[in-house]
Amino acid sequence: MLSIVADLNIPCVYEAFSSIGNVHVLDAESISAETCSGADILLVRSVTKVNKHLLEQSQVTFVGTASAGFDHVDQPYLQEREIQFAHAPGSNAVSVVEYVLTALIRFSTLSARPLDGLTMGIVGCGNIGGRLAKRAPVFGLKVLLNDPPLAKGGNPGYVDLDRILSDSDILTLHVPRAPDTYHLIGDRELQSMKSGAWLVNAARGNVVDNQALKQALITGRIGHSALDVWENEPCPDLDLLQRVTLATPHIAGHSVDGKLQGTIMLYNAVTEHYGIRPNWDYEQLLCQNLPDPIEFEPKIEPNWLDAVSRRLYDIDADDARMRDSLLSHQANTAEAFRQLRRTYPPRRTFHRHRIANTPSPYLHIVRDGLCVSDVER
């Protein structure tokens, strides 16, 4: 049978792959050149650097990462070794969109400023940004799109970054880590934004110059901000952490459904590559442990939408856990950050929820904006 080394944080990885081969489940820190030496298949998440140093002495013929991004994988080296590679594009896209929308609803409540009528600039319009662009108008947001590769491909409707910066009340970032996205948002860009504009970064930490952002928060140039990703992860700037509105430890895409979808995509890629007949019944897993119905009194309360979104995903709880853990373990910030990710509590995507007694004015937003599939008046 095939020998498989897998990150233990890939959901259901043993259940999925045990019929394919002998699965050796390890924490990310234990995946090394030695542990990979006898493996045929290596399955990782974004924290493992896959390169020549890791695989030079191995017999690995397939590498998969259960993440949408793959900047941690040396693809030219894999091609040189003729090692098959697969990742999970879009697996966590819905979860990240929900993270962004929840953050914006919180900002709206905290500032008593309705989303309706605000302009949101989306930088990066792939799996995540593209979905966000379709759902944002339901909340009354005007959307501006920036994605140079898509614009160069002849796709209409995109504007340049300067227009995004000057015209947007909200800036949200969804670009990959690349040389041309390093400090894409620096001091000049932050100073070009509207005074008091909101910023959300759920892309990669170094897309935003964290020191420049800290100064922009100090001066008030940037109002509310949410950072899920940080420069120098897993050791974020603790002073910056205390200045942002919402701070989370790179978990925007960490819903149960998103992570399991990553496993499913890898499983399908492995079975196809090796010509193995799939026999893992993952559909029943997606329907297990569904959240209890959310019920409210059948009347419109102040901040009703905020109350609903926090029941769907309590972003404040994630923020509180991060502040408490990192600020109380400053001697070992990196381990505290990793522990937050390892022990992240289960969170389901919004379409797995049911909401009863939804007031009529919110039905459209809950169904088409939040995308809760089972909504009752």
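This is a predicted model: local features need pLDDT of at least 70, side-chain atom pairs count only at pLDDT 80 or more; totals for chains, interfaces and linings use all residues.
Trainee: Is Asp318 buried or exposed?

Mentor: Read the relative accessible area. Buried means under 20%. Asp318 has 4% relative accessibility, so Asp318 counts as buried.

Trainee: Which residues is Asp318 in contact with, leaving aside its neighbours within four places in sequence?

Mentor: They are Ala247, Thr248, Ile251, Tyr313 and Tyr344.

Trainee: What does a residue between buried and exposed look like here?

Mentor: Take Ser32, in the loop between strand S2 (21–26) and helix H2 (33–36). Its relative accessible area is 27%, so Ser32 is partly exposed. The C-alpha atoms of Ser32 and Leu110 are separated by 46 Å, and the two residues are 78 apart along the chain.

Trainee: How should I read a nonpolar core?

Mentor: In soluble globular proteins, nonpolar side chains tend to be buried together. In this model the largest nonpolar core has 47 residues, and those with the most contacts inside it are Tyr99, Leu104, Leu115, Phe139, Leu141 and Leu370.

Trainee: Which elements give two or more residues to this core?

Mentor: They are helix H5 (93–111), strand S6 (119–123), helix H6 (127–135), strand S9 (197–201), helix H14 (304–312) and helix H17 (363–369). H5 gives the most, with 10 residues.

Trainee: What does Leu141 touch, not counting residues up to four places away in sequence?

Mentor: Leu141 touches Leu104, Leu115, Leu118, Met120, Ala136 and Ile170. There is also a second, separate core of 34 residues, which includes Val123, Leu213, Leu241 and Met322.

Trainee: How do I read the buried side of a helix, such as H14?

Mentor: List the buried residues, then look for what they pack against. In H14, Trp304, Leu305, Asp306, Val308, Ser309 and Leu312 are buried. The buried residues of H14 pack against H5, strand S12 (294–295), strand S13 (354–356) and H17.

Trainee: What is the order of the strands in the open sheet of 5 strands?

Mentor: The order is S2-S1-S3-S4-S5, and the pairing is parallel. S2 and strand S5 (84–86) stand at the edges with a single partner strand each, so one side of each has no neighbour in the sheet. On average, neighbouring strands of this sheet are turned by 15° against each other, direction ignored.

Trainee: How many bridges join strand S4 to S5?

Mentor: There are 3 bridges between S4 (residues 62–65) and S5. For an example, find Gly64: its bridge partner in S5 is Ala86.

Trainee: Which helix lies across S4 and S5?

Mentor: Helix H12 (residues 256–274) does, and H12 also lies across strand S1 (2–7) and strand S3 (41–44). H12 runs at about 165° to S4.

Key
Residues are numbered from 1 along each chain as its sequence is written. Side-chain values use heavy atoms; hydrogens and water are left out. A nonpolar core is a set of buried Ala, Val, Leu, Ile, Met, Phe, Trp, Tyr and Cys residues joined through side-chain atoms within 4.5 Å. Buried means under 20% relative accessible area, exposed over 50%, partly exposed in between (1.4 Å probe, protein chains only). Helices (H or I, at least four residues) and strands (E, at least two) are DSSP runs, numbered from the N terminus. Contact means heavy atoms within 4.5 Å. Two strands pair if DSSP finds at least two bridges between them. Axes are lines fitted to C-alpha atoms, for helices over the stretch in contact, and angles run from 0 to 180 degrees between N-to-C directions.
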